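Here's a quick briefing to read with the model open in your viewer. Have a look at the fold before you start on the notes.

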Amino acid sequence: MDQQLTEMPLLSKLYLNAAATAAKQRLLRTTPVAALPARAVEVRGVQADLAKLTAFQHLMGKPARDVLPSGYIHALAFPVAMSVMVQDDFPLPLLGMVHLDNAVEHLAPVRFTDVLSIRAWARELKGHRSGTQVQLVAEVRSDDGLSLLWRGVSTYLAKGIYLPGLDKPGKGPAPGDRAIFAPPQPTARWQLGVDTGRAYAAVSGDFNPIHLSVLSARALGLRRSIAHGMYAAARVLADIGSPKPDHFSWNISFESPIFLPAQVSLHIADTFADDGGWQGSEFTAWNAHSARVHFRGSVVAGAAVPRTTVGQPIPVTGAEPGAAPLR
Amino acid sequence: MNATTTPASGVRKAVVVGGNRIPFARAGGAYAHSSNQDMLTAALDGLVARFGLQDETIGEVAAGAVLKHSRDFNLTREAVLGSALSATTPAYDLQQACATGMEAVIGLSNKIKLGQLDSAIAGGVDSASDAPIAVSEGLRAILLDLNRAKTTVDKVRILARIRPKDLSPDAPSTGEPRTGLSMGEHQALTTAQWKISRLAQDELALASHKNLAAAYDRHFFDDLITPYRGLSRDSNLRADSTMEKLSTLKPVFGRNLGEAATMTAGNSTPLTDGASTVLLASEDWAAAHELPMLANVVDGEAGAVDFVHGKDGLLMAPAFAVPRLLARNGLTLADIDYFEIHEAFAGTVLSTLAAWEDEDFGKTRLGLDGAFGSVDRDKLNVNGSSLAAGHPFAATGGRLVATLAKMLHERGHVDGRPARGLISVCAAGGQGVVALLEAR
């Protein structure tokens with residue numbers, strides 16, 4: 001049972017919607033049910049806006065090609081995923097939700113002229129030691145729905161929200177290994193100005209207040225504004241280089257927010273096949289001053305290998321509630 | 001290998017007649033208010049005076065600058081028009097980062113060898129003091145849109161887009177565009193990778209100062225330099241430097257390497273202003289003008305490495321280009337009498353030498369049977385190099401070619417064959433240009 005949207009929802013409206021829902025729930029003191037809506041949301045006839053795409057590509061500091069960067073496709077699909085999260089029966093509040101990780105399989109190049117169909121649904125509602133986590137799956141297909149081009153799984157955490165009936169994992173693999181991180185010599189450095197969040201909001205449409213200004217971030221309980229996780233992901237992908245093989249996979253786990261302004265050090269290590277061809281890259285980013293890890297991840301040619309080094313493996317494929325039958 | 005390297009049939013020789021540069025000045029010093037065009041013209045004037053080129057039409061003048069104002073789109077031609085050369089001398093700008101001067105020499109020499117030119121002047125200039133500062137990207141986009149706007153309403157609407165942050169200027173940085181790391185931080189990685197000690201780097205820096213000072217003292221540079229703006233020696237030169245003084249300096253690059261942080265302001269080149277020129281010619285042209293012939297430009301080679309994620313060091317391209325150049329000419333390191341390896345950092349020179357002495361590097365990276373070979377330190381940068389003289393990016397190639405040509409000419413023959421010299425210059429973007437010269 002899919003919900004078909006006739007056009008791409010506006011993120012600004014979705015955020016307002018989310019704020020209204022949050023206020024309503026506070027007023028009515030409704031206790032959400034620990035279940036996810038079974039329906040997916042789908043938008044057809046989606047096409048990239050060339051001016052926005054160019055601005056996105058230039059913000060990442062790389063030449064603007066006609067092929068969409070993987071991070072841009074995430075931005076394109078994000079309003080659809082958000083539409084899932086603002087549904088009345090979605091059990092977690094959208095505002096203040098934290099991005100934990102992302103795993104993407106980019107199966108084929110997508111050109112800005114391609115007409116796309118984007119479908120998103122939620123799965124894996126689970127307890128987390130500091131709240132409740134949920135996965136949002138977004139699939140981008142050719143408009144006829146026949147070929148899958150891009151598939152992303154984003155894991156979000158609603159901090160401090162505990163739903164009845166969900167187990168709260170004990171103090172498992174706490175992030176205690178942060179203290180023993182010995183930073184390697186960086187292979188790159190980012191100087192992120194205080195306007196980094198606003199700049200990414202302008203090209204991605206993601207005007208989440210936690211990214212825009214100190215004041216709007218404080219209103220949501222943060223001491224300063226923070227960089228978008230997807231800015232970091234898109235930029236590290238750009239740094240790793242393109243074009244990559246037509247089929248590649250990447251993942252990123254966010255370990256601590258990047259409070260703006262910031263100086264971020266990165267270490268990117270490539271692996272090559274015997275014939276010299278690129279096989280993959282691993283990356284780690286940390287605060288240049290405090291050496292606190294901000295994020296880690298990898299990019300590999302072809303389909304993803306589940307990661308086990310940091311946190312738990314992130315399944316990229318497999319059956320899930322509400323999964324779309326292959327059409 | 002005693003055979004001289006002879007050009008292929010149909011290709012004639014290109015000779016270095018001589019050179020002229022102005023003393024190099026630390027940024028913000030004697031040339032703080034001198035533009036690239038000022039300095040390139042001064043270097044050109046000195047060359048014209050030295051070789052009597054007034055009103056002479058030179059085949060072509062090629063020079064460039066790394067830090068360049070957009071108004072200087074025709075920098076070299078403008079310098080020619082402002083010089084005593086004939087106004088009928090064509091000129092062009094080129095740019096290959098710190099290898100600009102080397103590429104100018106090699107390209108022009110090749111044209112002479114092919115008979116397209118009889119004479120040429122190669123040069124380079126850079127000012128870190130008078131660096132271009134651009135308006136911010138935001139303001140630039142607004143101003144360009146404003147220029148395209150047709151109506152007053154449109155113009156007002158476009159002007160209203162200006163925000164305070166758009167008004168902050170955009171200055172050039174020494175950071176590599178793809179990594180955001182400065183050249184020094186990149187070299188710190190390489191220096192640590194090849195385990196180059198602080199002591200070895202300081203020794204190389206000291207030798208550079210001592211050798212350059214000694215060369216000035218015996219008047220070696222008298223016919224290579226024309227004083228400018230009150231300077232008659234490179235202002236970075238510290239003839240009285242000692243290991244004690246160098247050892248007190250704190251590391252400035254790779255500081256998070258802890259014990260392995262070895263790169264200081266003493267064993268790294270400072271930002272520098274300056275210009276250099278080299279007069280190149282066919283043998284016939286030089287003879288007809290009764291000018292000296294110091295050396296032949298035998299061959300040149302460019303190289304580049306994949307440095308972006310640290311596969312190779314940013315400044316290690318010459319470690320690959322030199323073996324190719326020497327192999328093509330049937331030579332080994334043992335056949336070279338003088339090495340001019342540009343001292344971007346002491347660590348750059350020492351990492352390159354270490355790579356050449358490394359058996360694994362020779363086998364796996366250079367495809368040789370073992371290590372490429374060793375450089376006899378008594379033949380290395382014998383009249384000082386960039387650590388002492390300074391390094392105005394595009395001007396370094398001209399300094400090296402003129403200096404080496406004179407050294408080779410003074411040396412004359414070794415074992416019955418002309419003395420040979422090798423120049424190696426690393427450049428931003430993971431590039432390098434190297435060249436082989438031979439005494440006349």
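At 25% relative accessibility, B:Asp145 counts as partly exposed (buried means under 20% relative accessible area, exposed over 50%, partly exposed in between, with a 1.4 Å probe and protein chains only). B:Asp145 is paired with B:Arg148 in a salt bridge, with 3.0 Å between the closest N and O atoms (a salt bridge is a side-chain nitrogen of Lys or Arg within 4 Å of a carboxyl oxygen of Asp or Glu).

This is a predicted model, where local features need pLDDT of at least 70 and side-chain atom pairs count only at pLDDT 80 or more, while totals for chains, interfaces and linings use all residues. Residues are numbered from 1 along each chain as its sequence is written, chains are lettered from A and ligands numbered from 1 in the order in which they are written, and side-chain values use heavy atoms, leaving out hydrogens and water.

- Side chains of opposite charge can pair when their charged atoms come close.
- Over all chains, the structure holds 27 salt bridges.
- B:Arg148 and B:Asp145 sit three residues apart in helix α4 of chain B, so about one helical turn separates them (helices, H or I of at least four residues, and strands, E of at least two, are DSSP runs numbered from the N terminus).
- B:Arg148 counts as exposed, at 55% relative accessibility.
- B:Glu137 and B:Arg140 form another salt bridge, and their closest N and O atoms are 2.9 Å apart.
- These two, B:Glu137 and B:Arg140, are also three residues apart in helix α4 (residues 137-148) of chain B, which means about one helical turn between them.
- B:Glu137 is partly exposed with a relative accessible area of 48%, and B:Arg140 is partly exposed with 38%.

**A salt bridge between a helix and a strand**

- B:Arg328 and B:Glu301 meet through their side chains in a salt bridge of 2.7 Å, N to O.
- B:Arg328 belongs to helix α10 (residues 317-328) of chain B and B:Glu301 to strand β9 (residues 295-304) of chain B, so this pair ties together parts 27 residues apart in sequence.
- What network do salt bridges with shared partners make here? They join B:Asp299, B:Glu301, B:Arg324 and B:Arg328 into one network.
- B:Arg328 is partly exposed, with a relative accessible area of 46%, whereas B:Glu301 is buried at 14%.

- Strand β1 (residues 14-21) of chain B runs antiparallel to β8(B), joined to it by seven bridges (two strands pair if DSSP finds at least two bridges between them).
- In that pairing, B:Val16 is opposite B:Leu280 in β8(B).
- Strand β5 (residues 119-126) of chain B also pairs with β8(B) in the antiparallel sense, over eight bridges, and B:Ala120 has B:Leu280 as its bridge partner in β8(B).
- Strand β2 (residues 25-26) of chain B runs antiparallel to β8(B) too, with two bridges, and B:Ala25 has B:Asp273 as its bridge partner.

- A:Ser70 is placed in helix α3 (residues 70-85) of chain A and counts as buried at 5% relative accessibility.
- The side chains of A:Ser70 and A:His106 make a polar contact at 2.7 Å (a pair of N or O atoms within 3.5 Å; within protein, one must be able to donate a hydrogen and the other to accept it, and residues adjacent in sequence count only if both atoms are side-chain atoms).
- Not counting residues up to four places away in sequence, A:Ser70 touches residues including A:Trp150, A:Phe248 and A:Trp250 (contact means heavy atoms within 4.5 Å).
- In the largest nonpolar core, of 75 residues, A:Leu136, A:Trp250, A:Ile258 and A:Phe295 touch the most other members (a core is a set of buried Ala, Val, Leu, Ile, Met, Phe, Trp, Tyr and Cys residues joined through side-chain atoms within 4.5 Å).
- Helix α3(A) gives the most to this core, with 11 residues.
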